[in-house]
Structures are given as C-alpha cells and as structure tokens.
Amino acid sequence: MVRVYDLEFSYGKDKVLNQATVDVSKGELISIVGPNGTGKSTLIRCINGLLKAQKGQIKISQIDIKTLSRPQIAKKVSYVPQNSSNIFDLKVFDMVMFGRRPHSSFRIKREDRVKALKAMNILHIEHLAMRNFNHLSGGQQQKVIIARALAQETGVILLDEPISNLDIRHQLEVMDTLRALVDKAGITVLMVVHDLNIAAQYSDRIVMMDRGKIVAAGKPEEVITKESVASIYGVDAEITMISNKPHIIPLNVRYD
C-alpha cells in the first residue's frame with residue numbers, strides 16, 4: 001500500500017535520509033525505531049508530502065505522490081503529528097470534524113457529522129465532544145487527534161511519536177486502539193516510536209534506522225536483538241521473550 005524507494009532528503013548540506021527503502025502492506029502496523037536525529041520523523045513527513053524528497057520515489061496505492069495535490073494526498077493518508085497541544089482552541093467535536101475536510105465542500109453534511117461521531121465512538125471519547133481541546137489531558141488529546149485521522153477515512157495512518165508524552169496507561173490505551181484498527185478495520189499504521197518494548201509488543205514489523213539509512217526491517221524478534229541494540233543505540237542489553245515478543249532490559253551504555 002505504501003512503497004518508499006531509495007529516498008534521499010537533505011536540510012541544506014545535512015543529509016537526513018540516505019537511500020531509504022521500505023514497503024508497507026495493507027493491514028500492517030509497522031514501527032520505525034532508531035536513535036534521535038536519525039531521520040524517522042523526516043521519513044514520515046516525506047510520505048505525507050509535507051517534505052519533498054530530493055531523490056527517490058514514494059507510492060501510495062501504486063500512485064506516485066508527486067502527481068497528487070495536497071487534498072488528494074489527504075484522501076489517502078492521515079497524519080498524527082508529534083505534539084498537538086496548545087495549538088487548537090476548539091471543541092473536541094470540531095477538531096474531529098477537521099478530518100472530514102478533504103471529503104467535503106464548505107458546507108458540512110450530515111454524513112460528515114455521522115462519520116466524525118463514529119470515529120469518536122471508536123476511540124471512546126464521545127463524552128468529550130463539547131470539551132475544549134486545550135483543556136484535555138495529554139492522553140485525551142492524543143485520542144482526539146487519532147479520531148480526527150480516523151474520520152479522514154484514509155487507508156493509511158502515519159503517526160509521529162504518538163505516545164512519547166503519555167503515561168503508561170494512556171500509552172497502552174492508544175496502542176490497543178491502533179492495534180484494533182489494524183486488526184478489525186484493515187487500516188495500515190506506520191508510526192515512529194522510541195520505546196522498543198512497545199514497538200516489539202504491538203508491531204507486525206519493525207523498521208530500524210540509523211544515520212538516515214534503514215539498517216534492518218522485519219519481525220520484532222528479527223530486528224530487536226542484543227547485537228542491534230548494541231550497534232545502533234550503543235547500549236548493552238538483555239533480550240528476553242515474553243508472549244513470543246522480545247523484551248529489552250537495558251544494562252549499561254557502551255563507551256567504546
């Protein structure tokens with residue numbers, strides 16, 4: 001459903017992505033992991049068309065995004081940014097309704113309201129409809145933004161560190177929701193995440209990046225190993241298997 005081939009992107013002379021290639025199939029949850037500053041968020045923004053890669057190709061449903069306008073991309077890909085707090089002084093329902101903009105004209109239709117409410121029901125936030133977005137907790141805000149992406153009715157949802165500012169309960173709630181969207185609705189989820197244990201627990205596949213390159217891609221147990229954690233993160237760790245998923249126990253920083 002999403003194919004990224006030999007993507008290169010630079011900020012001036014600073015090359016952030018270097019021949020990045022990844023394929024994402026329909027109904028997969030894929031986590032992009034790697035150290036800070038290695039190009040993970042840049043990759044997501046290129047796929048969403050927010051950044052224009054200097055080289056390479058991005059296809060969504062076999063269509064090159066270079067041939068699509070912003071509204072056309074918005075009908076194919078939803079985007080959940082890293083931080084949406086203190087930006088929108090709107091009611092929750094109005095926030096979710098923004099997800100309908102690619103599909104509607106200036107007049108809001110009953111169908112749009114119904115689909116916004118359906119997205120809120122899926123995220124269990126319908127009781128927040130008339131609350132001010134900026135007055136919600138971080139976990140509630142993140143659910144609202146995901147509901148907005150769901151109301152957009154695309155086959156692909158891109159998320160940039162969706163759980164980085166949440167406590168452990170809200171992290172699990174958000175991840176349970178994303179996993180259910182993949183399993184029950186067949187939606188494709190591609191997300192940037194720092195927590196390797198969360199990535200291992202919920203992902204079908206993991207893409208590991210380092211210095212702008214994709215250095216490994218595969219099932220969690222194939223990508224998250226003592227060797228990869230040591231070489232990419234510079235950390236010695238023990239890897240144990242819990243429910244057939246790797247669990248990382250960091251031991252110490254490597255200084256060699």
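## An aromatic pair

Rings of Phe, Tyr and Trp (its six-membered ring) pair if their centres lie within 6.5 Å; planes under 30 degrees apart count as stacked, over 60 as edge-to-face and the rest as tilted. By this rule there is one aromatic pair here. Phe 9 and Tyr 11 have ring centres 4.7 Å apart and planes at 80°, so the pair is edge-to-face.

Before going on, please note that this is a predicted model, in which local features need pLDDT of at least 70 and side-chain atom pairs count only at pLDDT 80 or more, while totals for chains, interfaces and linings use all residues. Residues are numbered from 1 along each chain as its sequence is written, and side-chain values use heavy atoms, with hydrogens and water left out.

Phe 9 is buried, with a relative accessible area of 6%, whereas Tyr 11 is partly exposed at 41%.

## Glu 8 in strand S1

Helices (H or I, at least four residues) and strands (E, at least two) are DSSP runs, numbered from the N terminus. Glu 8 belongs to strand S1, residues 2–11, and is buried at 13% relative accessibility.

Its side chain makes a polar contact with the side chain of Lys 15, at 3.2 Å. Such a contact is a pair of N or O atoms within 3.5 Å; within protein, one must be able to donate a hydrogen and the other to accept it, and residues adjacent in sequence count only if both atoms are side-chain atoms. Leaving aside residues up to four places away in sequence, Glu 8 touches several residues, among them Leu 17, Ala 53 and Lys 55; contact means heavy atoms within 4.5 Å.

## A six-stranded sheet

Which strands form the open sheet, and in what order? There are six, in the order S6-S7-S8-S3-S9-S10, with mixed pairing; two strands pair if DSSP finds at least two bridges between them. S6 (77–80) and S10 (213–218) stand at the edges with a single partner strand each, so one side of each has no neighbour in the sheet.

S6 and S7 (residues 156–160) run parallel and are joined by four bridges. Ser 78 stands opposite Ile 157, and Tyr 79 has Leu 158 as its bridge partner. Both faces of S6 are covered: Val 77 and Tyr 79 are buried on one side, Ser 78 and Val 80 on the other. Helix H5 (residues 138–151) lies across S6 and S7, at about 170° to S6. For such angles, axes are lines fitted to C-alpha atoms, for helices over the stretch in contact, and angles run from 0 to 180 degrees between N-to-C directions.

## Helix H6

Asp 167 caps the N-terminal end of H6, with a side-chain oxygen 3.1 Å from the backbone nitrogen of Arg 169. After the helix comes Gly 186, whose phi is positive, near 70°. The buried residues of H6 include Val 174, Leu 178 and Val 182, and the buried residues pack against elements including S3, H5 and S7.

How far apart are the end C-alpha atoms of H6? They are 25 Å apart, which agrees with the 26 Å that its 18 residues (168–185) should span at 1.5 Å a residue. The expected span is 1.5 Å times one less than the number of residues.

## Lys 245 in strand S12

Lys 245 is found in strand S12, residues 245–253, and is partly exposed at 27% relative accessibility. Its contacts, not counting residues up to four places away in sequence, include Ala 200 and Pro 220.

Conventions
Buried means under 20% relative accessible area, exposed over 50%, partly exposed in between (1.4 Å probe, protein chains only).
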